[in-house]
Amino acid sequence: MSGNISEIRFDRFLAVPEREITIVRYHDIFQTEAALKHGKFSKEYQDLSAVIVLDPADLKKIDASDGDHVKISSEYGTVVAVAKKSEEKKDVRANEGHSGVGYMPASVWSNILGSKPASAKVSRSQQKISTVGELIRV
Amino acid sequence: MTCTGCALLCEDIDVRDGEVRHACRIGTAHILNRQQIDPMVDQEVVDIDDAIRHAAALLADAERPMFLGFGNSITETQAAGVRLAEKIGAGIDPCSVHTSLIDDIVHSRVRTCTLPEVRDQADVILFWGADPMNTHPRLMSGYAYYPRGKNRQHGWEEDRTAIAIDVRRSHTASICKSVHEIIPGRDVEFIDALMLALRNKVPKTVYDSKRVLKLAGTLKKAEFGVIFAGSGLVGSVPRDAIIRLMDELNEFSDFRILPLFSQYNLRSIATAAACEHSGGCTPTPASLHDADCLLCVGFDLASSLPQACDIDASIIVIDPSETLTAGCADVVIPCAAGGVDLAGTAVRMDGTKIDLPSITKTGQTGAGARISDLSIMNRLLEAV
Ligand code: SF4
């Protein structure tokens, strides 16, 4: 970030690793509330919608960490969202994690990837989070 | 007063001095929601009368009109919508994965019950592809799990067993006594395994057969079992598989099914405009391809189907709130919200008719009052 040449990561110029996952949608009460309180074009709604919960093993495979932007592409569309690491016991499937499955709140960010359960490729991305306007092309 | 934030239609809501009492987080935000949009034609703000006139002209000229939604409208608006559809030869699609299950319930192909019956009698409660803690927040405390009921005096601690079956360990799953995780796309295999287990056969399956057998044992012992069917079940499993499972469960015990959808009056429109698609209705570019004019009433098409703005049909939006579809619609007509500033009736998720008094008392007249979707529908009926 400081411009120091030693901090440049040369692996950025190589092909970024990607992982094939199944997208499963879920409902989030706080996201529903944000849509009602602030509208679906709001930053509050975007912050709770443009999210994918990934298993720590999948994050590692795509060389990404919690909070990184990731590109998710299916045969129907592409979206850039924030990756979140599964919280232990809360998001993980009993005892075994959920490698190969990514959870996204039901919204335009997940719906662009197709009807459920959609198969998609996920990889770390330097792009900014997709906006509603970009996704519905208005 | 009644909350129309979801299909539970809670009737104990009190609103005083801008403060909402008894409602959940969703209900409070819904009742106080003022995310309204201006009337528009071709994305330019216009007078509401101009917007209605323009919509009428588009509908009158349409050769293949299609109406989408109506699940968030009062029953009276739905009836006017059905009349309008008949007059201009439009199809109506409630756009919900739950429509086929509602159809099966209405035609007695599966057994159902009311929510008070769940509270009074249910001892085994399955949340299948459903996470009511995030979608119907007062279901567990009002009916499904926590309350004591006539034949369930000991409430959840002793008298009820809650089970979650889902592709994800949801918040609702976290309070259930047992959780069965479905592999995405392999829902029917789980049902097949469970049906074998109900007949005391050890299923050969990708799922843990011992756990499936244990689940079957619990279900068979149920005195009054209920499946709350969320979109994760009805959106992933063909309707005949659900009927088969319900028939099988009822060979051994008394099992009912209740659809858990969010639109507060979907049950009414789904009954009025029965959908023929198996697995329920959800719009796809292909299914909308034939239409030349789409009328979205209380339904955000572009949120469900982001490609909708590219569809080669004119789009009319009638909605109490701002929607993504309004961002690319040819005509936008804002309206009052049922149960908030519009009185009427609705049908709760269990088929019970509920009165919806207007919370804000503005009704349809007075300064700043919003016009109702019923008035809009009636004006369209006169104009086309
Ligand atoms: S559970 Fe549903 S009907 Fe009841 S207060 Fe919450 S949103 Fe309103």
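**Close-up views of a predicted model**

**View 1. Lining of the largest cavity.** Cys3(B), Gly5(B), Cys6(B), Leu8(B), Leu9(B), Cys10(B), Cys24(B), Ile26(B), Gly27(B), Pro137(B) and Arg138(B) line the largest cavity of this predicted model. A cavity is a set of points, on a 1 Å grid over the protein atoms alone, where a 1.4 Å probe fits but cannot get out; lining residues have an atom within 4 Å of a point. The volume is about 90 Å³, counted as the space filled by probe spheres set on the points. The lining has 8 nonpolar, 2 polar and 1 charged residues; Cys and Pro count as nonpolar, Arg as charged and Gly as polar.

**View 2. The ligand in its cavity.** The ligand sits in the largest cavity, with more than half of its atoms within 2 Å of the grid points. Residues around the ligand include Ala23(B), Cys24(B) and Arg138(B), each with a heavy atom within 4 Å. This shell has 9 nonpolar, 2 polar and 1 charged residues.

**View 3. Domains of chain B.** Domain 1 covers 36-96 + 265-383, and domain 2 covers 99-259. These bounds come from an automatic or database domain assignment. The C-alpha centres of the two domains lie 33 Å apart.

**View 4. Residues 90-95 of chain A.** Here pLDDT, the predictor's confidence in each residue from 0 to 100, stays under 50. Where pLDDT is low, the predicted coordinates should not be read in detail.

**Notes.** Residues are numbered from 1 along each chain as its sequence is written. Chains are lettered from A in the order in which they are written.

Key. This is a predicted model: local features need pLDDT of at least 70, side-chain atom pairs count only at pLDDT 80 or more; totals for chains, interfaces and linings use all residues. Side-chain values use heavy atoms; hydrogens and water are left out. On a 1 Å grid over the protein atoms alone, a cavity is a set of points where a 1.4 Å probe fits but cannot get out, and a pocket is an open set with protein on both sides within 12 Å along at least five of seven lines; lining residues have an atom within 4 Å of a point. Contact means heavy atoms within 4.5 Å.
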